[in-house]
2 protein chains.
Amino acid sequence: MNTPACPLCCAPPETLLWRDDLLRVILVDDAFYGGFCRVILQRHVPEMTDLLPTERAQVMRAVYAVEQALRELLRPDKINLASLGNQVPHLHWHVIPRFKDDAHFPDPIWAAARRSTPARAVDAEALRSAIGKHLASP
Amino acid sequence: MNTPACPLCCAPPETLLWRDDLLRVILVDDAFYGGFCRVILQRHVPEMTDLLPTERAQVMRAVYAVEQALRELLRPDKINLASLGNQVPHLHWHVIPRFKDDAHFPDPIWAAARRSTPARAVDAEALRSAIGKHLASP
């Protein structure tokens, strides 16, 4: 069931990397955090424990596929995973490749920036392909 | 394998809520975020995709048990889940009960505080019991 006022129910134009009946994976439009992805549940549910155990596993399988694809393509210093949803209580996971020279490292990206950094590009097609490969494997 | 310099390998005195061979759950000592828990891997590994799939599932099962216990006991407005590890690259999950009147809501707790709030206590024994109940169920 979708909620008309929720910005994650009614998707704006977005760079889609994967979708199935349960979830979609998008590339976040953030020039300074190239490769920042979100795994978004298709239906409007706030918490992981609102899902069936099989659905939780399917969501996390997508999160791990994105993490693995980002590690292979970008070799980040760390991956950050977060399901917050305080502003938009529609279940979504942030999967963020972090680098020692990024604007906030070693703080979370929601802290005050420590430095200015150049934009960091990512090859969306390569990322889409790598995520698809991981999600297609058994 | 443990790393002597890592503060999560050599645990300081902490309020333990659960432990098994793979992980432990502790209550974070934060007067303003009563109920803030961490699920900490026993061995020194940075990322979820460094674990076997069965281990990932076991870690997330503990995360969900903590989330469910916090929802039952505290009725928070939202649960925040995060595996960051930029400062301490030893896998650990933050499980944070959030309230609309807490210091940072609706921002992540790592952002600048929006308001001052009174301390929020939690009954550690009740939390330990609820987590244990969820982890003991099939």
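Trainee: Through which surface do the copies meet?
Mentor: Through the same surface, because 100% of the interface residues of chain B are also interface residues in chain A. Keep in mind that this is a predicted model.

Trainee: OK, back to the contact. How many residues does it take from each chain?
Mentor: It takes 30 residues from chain A and 30 residues from chain B.

Trainee: And how much area do the two chains bury between them?
Mentor: About 2,800 Å², with 51% of it on carbon and sulfur atoms. On the chain B side, the residues that lose the most area to chain A are Y64(B), K78(B) and N86(B), which together make up 23% of what that side buries.

Trainee: What sits over the ring of Y64(B)?
Mentor: The charged end of R56(A), 5.1 Å from the ring's centre. Likewise, R56(B) lies over the face of Y64(A), at 5.1 Å from the ring centre.

Trainee: How many salt bridges turn up across the interface?
Mentor: There are 4 between chain B and chain A. One links K78(A) with E47(B), where the closest N and O atoms are 2.7 Å apart.

Trainee: Switching topic: how many aromatic pairs are there over all chains?
Mentor: A search of the whole structure gives 2.

Trainee: Are W93(A) and W93(B) buried or exposed?
Mentor: Both are buried.

Trainee: One last spot. Where is P46(B) found?
Mentor: In chain B's loop between β3 (37-41) and α1 (53-74). P46(B) is partly exposed, its relative accessible area being 31%.

Trainee: What does P46(B) touch, leaving aside neighbours within four places in sequence?
Mentor: P46(B) is in contact with P89(B), L91(B) and K78(A). And K78(A) is the residue with the salt bridge to E47(B).

Definitions and conventions
Residues numbered from 1 in each chain as written. Chains lettered and ligands numbered in written order. Predicted model: local features only at pLDDT ≥ 70, side-chain atom pairs only at ≥ 80, totals over all residues. Heavy atoms only, no water. Contact = heavy atoms within 4.5 Å. Phe/Tyr/Trp six-rings, centres within 6.5 Å; stacked < 30°, edge-to-face > 60°. Buried < 20%, exposed > 50% of the residue type's maximum accessible area, 1.4 Å probe, protein only. Lys NZ or Arg CZ within 6 Å of the ring centre and 35° of its normal. Buried area = accessible area lost by both parts, 1.4 Å probe. Salt bridge = Lys/Arg side-chain N within 4 Å of Asp/Glu carboxyl O. Helix = DSSP H or I, 4+ residues; strand = E, 2+ residues; numbered from the N terminus.
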